[in-house]
Amino acid sequence: MRTRRALAPALQATLLGLTTTLAPSLLLLAQPLPILRDVTPEAGLNLVTTCGTPQKKFIVEGNGSGCAWIDYDNDGWTDLYVVNGISSAALMAGREDAASAPNFLFRNRGDGTFSQVTVQAGVAGTGLGNGVAAADYDNDGWIDLFVTNYGRDLLYRNNGNGTFSEVGASAGVAGAGEWSTGAAFGDYDGDGWLDLYVARYLEFDVDDPPLRGEFCGYRGIPVMCGPKGLTGAPDVLYRNNGDGTFTDVTRAAGVQDEKLLYGFTPVFEDFDNDGFPDLFVTNDAGPNYLYRNRQDGTFRETALLLGVGYNAQGTAQADMGVAAGDVGGDGRIDLFTTTFSEEYYPLLPKPGSRWVRGGLTAGGTGHPHPSLPGMGHLFSRLRQRWNPGLVRRQWAYFPAGGALVGNLPATRSAVPRQR
């Protein structure tokens, strides 16, 4: 009989892919790496997401959306939730048009195939979706979903019977119509209840878009305007009250986004091994944040001090996705971020009290990625045995938009599998 592995207790799935925190290490270091095969179509995961128009005149159309691998029905098989957007016509009309472009929930049948149960489960979403964070925020043993949107955010409470109830407004986390991008759950104050951090991107008014939809220029190419030149939107930290509601403690906790940077992806992780989760936030076209937990309900921003705010040349990159994991197997959490085109993807190992910037090359110099931006990724162990001596050159990551490895049956898989 096949042994079913339980879902990892700490799961953080965020904007434009998956941001996870898994321990003790997420990197496969043994030779040779396995061969992966894309079996998405035969698994029944044929879907098309909508994000505005192909012309992409407005920046709100450009980011795409994320997904989360979760076991929502506690049957031991990993299911898939995919966030979707809406058409530009619906966006500009201010409609929450889930009927034409719903989110997707695929239930794992346990035989390598999936069935779509979005409507039955009540998680179709509203508006232009961006990301999703998954966690058991109410401690009832069932994974819940928080969906970030351009517009009101959604909190889907798992009812434990295959359905969800949307409780964002009553829980106090719906927001006021801002553009939320990534989100992460973490118990920053150690009270046993998962709190919620939501990154926000920028202010965008559908009634008064930049240049009324005319293109801006980038290296002689007509492109959508932004983010530079547009006003950023403030991030928010919600403290879990333990009764199904949350309280905005952003300023009280010391994580107010005073510079109004273009927030993208947050991740909670104990970077200094003091038993309290810290908070790292990637910011597009600006320095990143690293909030160190002071163990008294407040944080101190230390990104510049610890070497993760800027790149090795001292300039801010367009960091968007982030993965946290113990690359070297030394008990210290390392960071890896993805960026815009013509910028290198920095791997930030932490050999001591601060991080050291490197790139995706064996020498650690980091050559710029020539054309495609990276918006999300995760670390994944592809074999059970690994050799720490090969850490610098033998590791794997999965970019957003690619297929991800999940806890699926060995006979058939909805994602690339070993063979």
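**A tour of the cysteines and the chain around them**

Select Cys51 to begin: its relative accessibility in this predicted model is 13%, and because buried means under 20% relative accessible area, Cys51 counts as buried. Next, move to Cys67, which at 14% relative accessibility is likewise counted as buried.

Now select Cys216 together with Cys225 and show their side chains, where the two sulfur atoms lie 1.9 Å apart and form a disulfide. Since the rule asks for a pair of cysteine sulfur atoms within 2.5 Å, this pair qualifies, and the count for the model comes to 1 disulfide. In general, such a link is a covalent bond between the sulfur atoms of two cysteines. If you define the torsion about the S-S bond of Cys216 and Cys225 in the viewer, the value to expect is about 95 degrees, so the disulfide is right-handed.

Finally, select the whole chain and colour it by secondary structure, which comes to 5 helices and 25 strands. Of its 419 residues, 55% count as buried, while the chain exposes about 17,200 Å², with carbon and sulfur atoms supplying 52% of that area. If you draw the contacts between residues at least 6 apart in sequence, 60% of them join residues at least 24 apart.

Terms used: Residues numbered from 1 in each chain as written. Predicted model: local features only at pLDDT ≥ 70, side-chain atom pairs only at ≥ 80, totals over all residues. Heavy atoms only, no water. Buried < 20%, exposed > 50% of the residue type's maximum accessible area, 1.4 Å probe, protein only. Helix = DSSP H or I, 4+ residues; strand = E, 2+ residues; numbered from the N terminus. Contact = heavy atoms within 4.5 Å. Areas by Shrake-Rupley, 256 points an atom, 1.4 Å probe, with all protein chains shown as cover.
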